[in-house]
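Have the sequence and the 3D view open side by side. The paragraphs below go from a single residue to the whole protein and then back to details.

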Amino acid sequence: MARSNPTFTCTACGAAHSKWAGRCDSCGAWNSVVEEAPLSAGPKALGGKGRAIPLTDLATTGTPPPRAASGMDELDRVLGGGLVKGSAILVGGDPGIGKSTLLLQATAAFARNGLKCIYISGEEATAQVQMRAQRLGLADAQVALGAETNLRDILTTLDAERPDLAIIDSIQTMWLDTVDSAPGSVSQVRAAAHELVTFAKKRGVAVILVGHVTKEGQIAGPRVVEHMVDTVLYFEGERGHHFRILRAVKNRFGPAAEIGVFEMTGDGLAQVTNPSALFLSDRDRPAPGSAVFAGIEGTRPVLTEIQALVAPSPLGTPRRTVVGLDGGRLSTILAVLEARCAIPFAGLDVYLNVAGGMRVSEPAADLAVAAALLSAREDVAIPPDMVLFGEISLSGALRPVAQTENRLKEAMKLGFSQAVAPSRSKLAGLEGMALRQMPDLTAFVGEMFGA
Ligand code: TYD
Ligand code: MG
């Protein structure tokens with residue numbers, strides 16, 4: 001057989017390339033494309049073992065996969081109700097965001113609920129993990145610790161111990177002697193993840209892999225193993241903010257897009273059971289440029305504050321700075337305001353920010369974004385007890401969004417008494433909430449800003 005061509009892989013997004021390039025076409029990262037060493041294929045023979053089993057013959061028909069809860073509700077919800085036996089989970093995040101802290105706390109919580117857990121650190125010595133556990137008040141947790149990076153040894157240990165849950169912190173430090181490249185390279189990370197995922201399925205051991213999101217090209221990021229695991233969670237947060245959000249981006253055993261909210265404190269991560277109150281707690285007096293968006297994150301309504309600042313620009317091309325929202329979405333909304341409502345933003349710098357380090361990706365936030373922009377531009381404050389939601393179409397029409405009632409109920413719980421929503425929103429009347437339904441952006445501008 002001819003030797004297969006070398007393949008090149010982007011360490012940031014995992015895209016395959018047929019030749020080396022200075023910049024990845026797929027994600028735009030520079031210096032991230034590296035050559036991947038081919039896996040040693042081993043002898044190829046026609047196997048006779050493949051066997052199909054009728055779905056109905058599987059013993060557990062009708063019963064959902066067994067799940068173990070940690071008792072940390074914010075984590076269990078993101079996992080889809082708890083940890084599924086034999087599942088492989090990837091937890092990605094920037095270095096220093098708190099992944100090790102979260103997982104040590106989670107491991108201790110699972111252990112408390114009777115699971116046999118092993119925490120293997122490839123980055124810290126057992127004494128260091130122990131010190132962290134002490135600091136987190138978990139010194140007496142029934143968790144086995146290991147400090148090892150040789151995957152062969154780790155698999156042997158796991159096979160002998162047969163835990164219910166194994167944490168591998170981090171996948172980038174693990175290496176296999178059959179792969180001819182340095183730990184952290186695309187081939188090592190992929191091979192190590194493959195071994196661990198296969199082991200998880202075969203032995204019914206749940207495995208959690210920690211992956212650092214990397215900026216430099218030599219270390220493969222978690223994206224390169226996303227496709228191998230059952231569940232992908234990202235732990236995110238803005239530097240300088242103490243909120244951390246655990247977000248499910250893929251989950252074979254539960255809803256994706258679910259979030260869990262935590263707060264980094266002096267002694268570890270604390271769960272935030274009412275994130276709306278948290279994200280709104282920093283709100284100052286009602287000021288122009290601020291609008292409260294009633295959003296849905298996963299299965300839960302969450303209120304967030306959208307802030308805008310509009311100022312005359314000294315630059316030929318005015319600045320558009322966005323934190324916590326998609327920049328393309330801002331451009332679209334500005335274009336719709338200009339084309340459909342004759343409200344230009346040319347010559348004006350626009351800054352847009354979601355308060356508290358939250359990230360909003362729902363199109364339903366459009367109306368709140370437009371409201372914040374208009375409020376900043378016209379210097380008119382939006383009533384402090386008002387929430388907004390609705391998707392803006394290119395024609396300027398407001399499109400109804402899902403779960404109107406849940407959004408309004410959450411807003412009422414937090415003391416809001418007015419809401420603006422698109423016309424035709426599916427809704428049963430809610431006592432105590434003055435709801436204004438608007439067909440399009442022009443009607444909204446006319447009513448709110450008298451233009
Ligand atoms: P860590 O879990 O080591 O991050 P990761 O594994 O994602 O690289 O968290 C490191 C940060 O968390 C560090 O900046 C200090 C902070 N921290 C606290 O604020 N309180 C704590 O109790 C702990 C253990 C860490
Ligand atoms: Mg760590």
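In which loop is the place of glutamine 403? Glutamine 403 sits in the loop between β21 (398–399) and α9 (404–413). Helices (H or I, at least four residues) and strands (E, at least two) are DSSP runs, numbered from the N terminus. Before going on, note that this is a predicted model, in which local features need pLDDT of at least 70, side-chain atom pairs count only at pLDDT 80 or more, and totals for chains, interfaces and linings use all residues. Residues are numbered from 1 along each chain as its sequence is written, while chains are lettered from A and ligands numbered from 1 in the order in which they are written.

The protein as a whole comes next. The protein has ten helices and 23 strands. Its radius of gyration is 25 Å, close to the 22 Å that the globule rule gives for 451 residues, so the protein is as compact as a globular protein of that length. The radius of gyration is taken over C-alpha atoms, and the globule rule is 2.2 Å times the number of residues to the power 0.38. Taken along the principal axes, the C-alpha atoms fill a box of roughly 75 × 50 × 50 Å. The protein is divided into domain 1 (1–36), domain 2 (65–273) and domain 3 (278–449); these bounds come from an automatic or database domain assignment. Between the C-alpha centres of domain 1 and domain 3 there are 40 Å.

Burial and contacts describe the packing. A residue is buried if 20 or more other C-beta atoms lie within 10 Å of its own, exposed if 12 or fewer, and partly exposed in between, with C-beta atoms placed from the backbone. Buried residues make up 43% of the 451 residues. Two residues are in contact if their C-beta atoms, placed from the backbone, lie within 7 Å. Among contacts between residues at least 6 apart in sequence, 66% join residues at least 24 apart.

Now look at the interior. A nonpolar core is a set of buried Ala, Val, Leu, Ile, Met, Phe, Trp, Tyr and Cys residues joined through C-beta atoms within 7 Å. The largest such core has 75 residues, and those with the most contacts inside it are Ile168, Leu196, Val207, Leu209 and Leu233. Helix α5 (residues 186–203) gives the most to this core, with nine residues. At least three residues of the core come from each of domain 1 (1–36) and domain 2 (65–273). Leaving aside neighbours within four places in sequence, leucine 196 is in contact with Ala88, Ile168, Val207 and Leu209. Apart from this core lies another, of 53 residues, among them Ala365, Ala371, Phe416 and Val445.

Is isoleucine 343 buried or exposed? Isoleucine 343 counts as buried because it has 20 C-beta neighbours inside 10 Å. Alanine 342, in the loop between α7 (327–341) and β18 (348–354), is exposed, since 10 other C-beta atoms lie within 10 Å.

Some backbone angles deserve a look. Most residues other than glycine have a negative phi, and most peptide bonds are trans. Phi of alanine 342 is near 55 degrees, a positive value. Phi of glutamine 403 is near 60 degrees, also positive, and glutamine 403 counts as partly exposed, with 18 C-beta neighbours inside 10 Å. The peptide bond from aspartate 169 to serine 170 is cis, with omega near 0 degrees. Serine 170 is found in the loop between β9 (165–169) and α5.

Last comes the ligand. A residue is near a molecule if its C-beta atom, placed from the backbone, lies within 6 Å of it. Of the 15 residues around ligand 1, Gly98, Lys99, Ser100, Thr101 and Gly268 come nearest. Helices α2 (99–112) and α3 (126–135) each supply at least two residues of the shell, and α2 gives the most, with three. The shell divides into four nonpolar, seven polar and four charged residues. Here Ala, Val, Leu, Ile, Met, Phe, Trp, Tyr, Cys and Pro count as nonpolar, Asp, Glu, Lys and Arg as charged, and the others, Gly among them, as polar.
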